[in-house]
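Trainee: I have a structure open and would like to talk it through. Can you start with whatever term I'll need for the hairpins?

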Amino acid sequence: MNKKVKILIFIAIIVVIAVGVVFAKKYLNNNSDVPVNGEEGVKEEIKKEVKKLKIVDETSKSRPYAVMINNNHAAWPQCGVQDAYLVYEIIAEGGITRMMALYKDQDTAKIGSIRSARHYFIDYVEENDAIFVHWGGSPQAYSRISSSRIDDLDGIALEGSVFFRDKTLNRAYEHTGFTSMTNVKEYADKKGYTRDTNKDLLLNYSIDEIDMENLEGALVANSVDLKYSNYHTTSYEYDEETKLYKRSMSNTANVDLVTGEQYTAKNIIIYTVQNYTLNDGDNKGRQDINNIGSGNGYYVSGGFYIPITWEKKSHKDQTVYKYMDGTELKVNDGNTFIQICPKNAVITIE
């Protein structure tokens, strides 16, 4: 019996050792680069970090908010514009421009000052499927908001709740209106506005930095000067260290009211459209623009610029930007200012 017991114990030990070896080999194969049982070479584990865009979350389906930003010189400085992933600047009456800043998945605490809507900006609200944020509007803008059933938030009706005044500012009362992303999100939810979108992002972003210098037709762009009118000029200066463009307007640095920092742009898209004064009987010089169609423009980034084309088939359709060979334009990962200038604007890129 003792002999049988010893044999059984011996067999049990062999089994335990065998099982241990199997598990050890499996563990080493999964967790170590050390060769097991004579395997040749060293196992390499390549852990590739998945690259994601920084300017927007590509997986997010939330609709952006398009906020009308006051650009009357008496309303400077503005605030919250740097958080926008996309900003349009277009001429308005009196040679003044207005900006429309788009925010996606942001919690910016103070944005403004906010100004009244103009109807042609709604083309760019629609092409981004955005919720429109404004403080008042022209008769043409209100008509378009109604006919196109635009989801909007209007400071005329919502002052004191969604919109607020900063009475500490030394400026005219009409230039003191602001809002926050928290306020507009809460109200949009309360109104039951659709929060998700099926529309793609307007621009095609490149996660990796684009080698602008080697693109066809590339020329140096250390400075950009866009004279919209005798009243207003927008300009940019390239910063080689940050690879961003510092933004100025009418020889004044475009700084933020809250942070004091100068606004910057990673990408600048420039093109011109014909503008003209509306004969609406109000004699206020309100403008309209011929932005449906196609034309040429420029894409500026990384210290260089290239010629591009643009095409917008209808008010609702997204503007499509392409290289001169007809392929879709790619832009660098970062914020973009789209400068839609009058036909007679003086554009200087050096």
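Mentor: Two strands count as paired if DSSP finds at least two bridges between them. Keep in mind that this is a predicted model.

Trainee: OK. Which hairpin has a residue with positive phi, and what is that residue?

Mentor: The hairpin of strand 12 and strand 13 has four residues between the strands, and Lys-243 takes a positive phi there, near 60°.

Trainee: How many bridges hold strand 12 and strand 13 together?

Mentor: Six bridges, in the antiparallel sense; strand 13 covers residues 244–249.

Trainee: Pick one residue from it. Where does Ser-235 sit?

Mentor: Ser-235 lies in strand 12, which spans residues 233–239. Its relative accessible area is 15%, so Ser-235 is buried, the cut-off being under 20%.

Trainee: Which residues does Ser-235 touch?

Mentor: Leaving out residues up to four places away in sequence, Ser-235 touches Val-224, Asp-225, Lys-246, Arg-247 and Ser-248. Of these, Asp-225 stands opposite Ser-235.

Trainee: Different topic. Which residues of helix 5 are buried?

Mentor: Helix 5 runs over residues 181–191, and Met-181, Asn-183, Val-184, Tyr-187 and Ala-188 are buried in it. Seen down the helix axis, those buried residues fall within an arc of 160°, so they line one face of helix 5.

Trainee: Why would residues spaced like that end up on one face?

Mentor: An α-helix has 3.6 residues a turn, so residues three or four places apart point the same way.

Trainee: What does the face turned away from the buried side carry?

Mentor: That face of helix 5 carries the exposed residues Glu-186 and Lys-190.

Trainee: And what follows helix 5?

Mentor: Gly-192 follows helix 5, and its phi is positive, near 80°.

Trainee: Now pockets. What is the volume of the largest pocket?

Mentor: The largest pocket has a volume of about 430 Å³. Its lining has 24 residues, and those nearest its centre are Lys-199, Asp-200, Leu-201, Leu-202 and Leu-203.

Trainee: Which strands contribute to the lining?

Mentor: Strand 9 (204–206) and strand 20 (320–323) each supply at least two residues of the largest pocket's lining.

Trainee: What is the lining like by class?

Mentor: The lining of the largest pocket has 10 nonpolar, eight charged and six polar residues.

Trainee: Last one: what do the totals for the protein come to?

Mentor: Five helices and 23 strands. Of the 350 residues, 48% are buried. Among contacts with a separation of 6 or more, 64% are between residues 24 or more positions apart.

Key:
Residues are numbered from 1 along each chain as its sequence is written. This is a predicted model: local features need pLDDT of at least 70, side-chain atom pairs count only at pLDDT 80 or more; totals for chains, interfaces and linings use all residues. Side-chain values use heavy atoms; hydrogens and water are left out. On a 1 Å grid over the protein atoms alone, a cavity is a set of points where a 1.4 Å probe fits but cannot get out, and a pocket is an open set with protein on both sides within 12 Å along at least five of seven lines; lining residues have an atom within 4 Å of a point. Grid points are joined across faces, edges and corners, and a volume is the space filled by probe spheres set on the points. Ala, Val, Leu, Ile, Met, Phe, Trp, Tyr, Cys and Pro count as nonpolar, Asp, Glu, Lys and Arg as charged, and the others, Gly among them, as polar. Buried means under 20% relative accessible area, exposed over 50%, partly exposed in between (1.4 Å probe, protein chains only). The arc is that of the directions from the helix axis to the C-beta atoms. Contact means heavy atoms within 4.5 Å.
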